[in-house]
Amino acid sequence: MYRLTDSLLKVHGVGPKLFEQLQDAKFSTVKDLLLHLPFRYEDRSERFTIDQVKQLADSPEKKLFTLEAIVKSSRNNFFRGRSMQSATLVDETGQITASWFNNPYVVKRLKNGESYLFSGQVGISKKGQIFLTQPIVEDINKESIHTNRLVPIYSNIPGLLPTVLRKVQKDLIDNIEEIPDKLGSLDLVSSQSDISPLSLTKALKIVHFPDEIDSVIEARERFALEELVLLIQHSLYLKEEWKKNKKTIQTQNKKLNIPSTIPFQLTTSQQRSAQEVIDDLTQDSPMNRLLIGDVGSGKTIVAGLAMQKIVESGHHAAIIAPTQILAEQHTKTLQKFFPEIPNYLITSKSKVKIEKPGFIIGTHAILNLIKKLKEERTGPSIALIIFDEQHRFGVTQRSELVHHDIHPHILTMTATPIPRSLMLTIFSHLNLSTIDELPKNRVPTKTWVLPETKRGSMYQWLKDQIKKGKKEGVQFQALIVCPFINPSESEALENVAAAKEMFESVSKELKTEIKKSAITVSLLHSKIKKAEKQQVITDLFSGKIDVLVTTPIIEVGVDLPQASAIVIEASERFGLASLHQLRGRVGRAGQQGYCLLFSNSKSGDAHKRLKKFETIHSGQELAELDLENRGAGDLFGTQQHGFDNLQFASWTDLELIRKAKSIIEQLNKNKAKYQSPLLKVSIETKVLAN
């Protein structure tokens, strides 16, 4: 019997060479490999006769066939330097040929006159001959692993045949010791009759080698429940730990002072959020707060008021942005609103001399500065760190951020609308502030879902608006967003707009012969050279570009006040929250904004979802709709936001989250802490370089 902690070298069939391959792929123990779960299953459970295979050969519905047949003959062939193998198979209904490429082992294995199970796809030669291509072969008198069942398909491990991996996994599943499992015990969940999770051992056996596909759902939910319980428990632990014995800078003045250099009146929710943050700064434990506000709602001014309080107390305040562009924008904004306070823009190459307490602004390069200040142990400490659009919540790297034994206050800002139901349950270690109203000069962006037949009219409208703006001396700038840079090689996505192709199309459509009204179109995406990208961005902000064709790279924190229209291609591929983020890029200077959505989807549900987006302008409401209809992957995309880092659970499964919360409450009543024999989870902050 195997234990979870056993080395894979103890497993039957794993020799030194195979163990080395597994180690290279980060699998060393039994537990490591058991947690390498199938990502899909092939149904090879239905058996066919040879006659049935021939009848269904050209049917689009049957791609895999499993049959029991006798080997009449087999041989090795060589064709143009390539090794090829073939076998003639027979049963009571007929005869068929099986063929393989570069697999001499299969011929050695097959014995004439013996019966085997064969499972594979069917090919039809130019002469119309039907044959099995590359079928898997399995002995009949052994338990099926690769045929005659639901067959698990695992992600590729370099150098390892899928059949070898399945054999090892089957041996593990058949011989694993019963895993200790408090979460599945009846005494723990007795007060919740609807919570009766599978044991971990049974869940592992089902998920690797299920008898029916429906059972996989229950098994994966068992792992998801495990993950959510650990996640919520860890969140509560962080909240308690954050309060313990943390020396921090306490500001003395709770009063919200708004400088006369701020040329507008703060909204009620901006004032409320700023006061909540400033109140935290006067406490004897460091702040750990999340500030949520729609794109353009004024989070930066709230951050600036908090930073001002810290500088007034004689310390530095830092804001870490995801991109250099956004860091530079923050610098200009804060210099304008707080001209009396020194600003230090930090880049990977900058050699800024930091003397007086001030605003330190930059990307991840600030972390290196914090390390340097820590080593030097001189000068003011960084008493407040603000993470802008860095959505790995928590407090990792606390040891790196501590200076002079002072724990900094932490404020995380996000424009991603997070459903409150998730915030209160999963991220309970954070205090929450919400800016739920836009500045008074912002008008709702007019939004329309357009059919493809309106594309020509859209181009003409853009051309007219841009020319009209040039004539009146007011630039009308437009963004066109495509999901991909290049056309997808996937057949299912071949008609989805790609930025490079769209750039050529838009350039052609918007050409004009009037030189004074010439329309400039540029392309921006993540794979263009750094210098070229910087030039495009410079031209964009200086107004030299009228239309920018881009990817969702534009979503993350670019404040482009003169942008008035955004066209989103293949809009059905974005979640409502992501669409809301993109829509927030336009109309930021008080002008009327326009959002035009094109969709390739023929789904009625997709169209209804987009039609709702036309009229709903609340990020929170859209986030809840996303959670109900599409899934949290749409809310928390991994590239920009880093939320969707769960291995098994889904943010969309509110019922399972409720069950996990109930289990945590039961644990707390019993003053118990749950330690999973299988999983470890963390919601610690990872400050990533963009």
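Colleague: What share of the chain's contacts with a separation of 6 or more comes from residues 24 or more positions apart?
Modeller: They account for 72%. Contact means heavy atoms within 4.5 Å. This is a predicted model: local features need pLDDT of at least 70, side-chain atom pairs count only at pLDDT 80 or more, and totals for chains, interfaces and linings use all residues. Residues are numbered from 1 along each chain as its sequence is written, and side-chain values use heavy atoms, with hydrogens and water left out.

Colleague: Why is Ser 433 called buried?
Modeller: Buried means under 20% relative accessible area, exposed over 50%, partly exposed in between, with a 1.4 Å probe and protein chains only. Ser 433 has 1%, so Ser 433 is buried.

Colleague: What does Ser 433 touch, leaving aside its neighbours within four places in sequence?
Modeller: Ser 273, Glu 276, Arg 289, Leu 290, Leu 291 and Ile 292.

Colleague: Why are α9 and α10 called roughly parallel?
Modeller: Angles run from 0 to 180 degrees between N-to-C directions, with axes fitted to C-alpha atoms over the stretch in contact. Under 35 degrees counts as roughly parallel, over 145 as roughly antiparallel, 65 to 115 as roughly perpendicular, the rest as oblique. The axes of α9 (residues 268–281) and α10 (residues 299–312) cross at roughly 30°, so the two helices are roughly parallel. Helices here are DSSP runs of H or I, at least four residues; strands are runs of E, at least two.

Colleague: Which residues of α9 meet α10?
Modeller: Gln 270, Ser 273, Ala 274, Val 277, Ile 278 and Leu 281.
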